[in-house]
Amino acid sequence: MTRLPRDGHRRSTPGTPRPPFVVRRDELEYELISALNHNPDDEGLVHRLVDRDTTGDPECEFLTGVYRMEPGMSHPLHLHADSAEFYYVLAGTARFTLADEEFEAGPGTAMYIPAGVAHAIETGSADGMELVYSFSTPDLRGIGTRWL
């Protein structure tokens with residue numbers, strides 16, 4: 001896994017023309033998750049791949065992206081009152097909290113998190129982790145995050 005950029009952004013370079021509603025991750029800048037959700041204790045970077053902003057479609061019905069965490073990072077305990085969430089681990093391992101359960105998960109693990117269910121992620125000292133996430137709402141304003 002490559003290291004995260006120091007300033008929290010990956011510079012994009014325009015590629016070849018693409019069909020409408022097709023997004024290439026390497027053409028997007030990373031975003032600090034703490035800047036998106038206004039929690040300075042939340043760590044890691046995201047690529048928002050599909051949402052109303054990236055597609056330009058006001059009718060877009062969900063939000064999907066990639067979330068990266070380096071070793072020793074934390075995504076603190078929280079819930080989303082107004083949206084279900086989905087995780088699919090692509091690389092690395094992490095310790096997940098889902099409701100009252102704690103478990104380690106690695107590549108190939110999928111998780112469904114219903115609205116209102118508390119969850120958290122913590123990477124260990126050796127591994128970082130990368131996952132695909134998706135919300136049942138089209139933008140971050142509609143998920144109703146509450147930090148616990």
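**Close-up views of a predicted model**

**View 1. Histidine 80 is a buried residue, with a relative accessible area of 5%.** The structure shown is a predicted model. Histidine 80 has its place in strand β4, which spans residues 74–80. The residue counts as buried because its relative accessible area of 5% falls under the 20% limit used for that class. Two polar contacts of its side chain are shown here. One joins the side chain of histidine 80 to that of glutamate 85 at 3.1 Å. Another, at 3.4 Å, links the side chains of histidine 80 and histidine 119. When neighbours within four places in sequence are left aside, histidine 80 is in contact with Glu85, Ala115, Gly116, His119, Phe135, Ile143, Gly144 and Thr145.

View 2. Not counting residues up to four places away in sequence, threonine 97 touches Leu77, Glu102, Ala118, His119 and Ala120.

**View 3. Tyr87, Phe96 and Phe103 form a cluster linked by ring pairs.** A pair of aromatic rings is described by two values, the distance of the centres and the angle of the planes. The model has three aromatic pairs. In one of them, the ring centres of tyrosine 87 and phenylalanine 96 are 6.1 Å apart and the planes meet at 50 degrees, so this pair is tilted. Phenylalanine 96 also pairs with phenylalanine 103; this pair is stacked, with 6.0 Å from centre to centre and 15 degrees between the planes. Tyrosine 87 is buried at 2% relative accessibility, and phenylalanine 96 is buried at 1%. Phenylalanine 103, by contrast, is partly exposed at 24%.

**View 4. The largest pocket holds about 310 Å³ of space.** The pocket is lined by 19 residues, of which Ile33, Asn37, Phe135, Leu140 and Ile143 are the closest to its centre. Several elements each supply at least two residues of the lining, including α1 (33–37), β4 (74–80) and β10 (129–135). By class, the lining consists of eleven nonpolar, six polar and two charged residues.

How values were computed. Residues numbered from 1 in each chain as written. Predicted model: local features only at pLDDT ≥ 70, side-chain atom pairs only at ≥ 80, totals over all residues. Heavy atoms only, no water. Contact = heavy atoms within 4.5 Å. 1 Å grid on protein atoms, 1.4 Å probe; cavity = no way out; pocket = protein on both sides within 12 Å on 5 of 7 lines; lining within 4 Å. Points joined across faces, edges and corners; volume = space filled by probe spheres on them. Helix = DSSP H or I, 4+ residues; strand = E, 2+ residues; numbered from the N terminus. Nonpolar A, V, L, I, M, F, W, Y, C, P; charged D, E, K, R; others polar. Buried < 20%, exposed > 50% of the residue type's maximum accessible area, 1.4 Å probe, protein only. Polar contact = N/O pair within 3.5 Å; in protein donor to acceptor, adjacent residues only side chain to side chain. Phe/Tyr/Trp six-rings, centres within 6.5 Å; stacked < 30°, edge-to-face > 60°.
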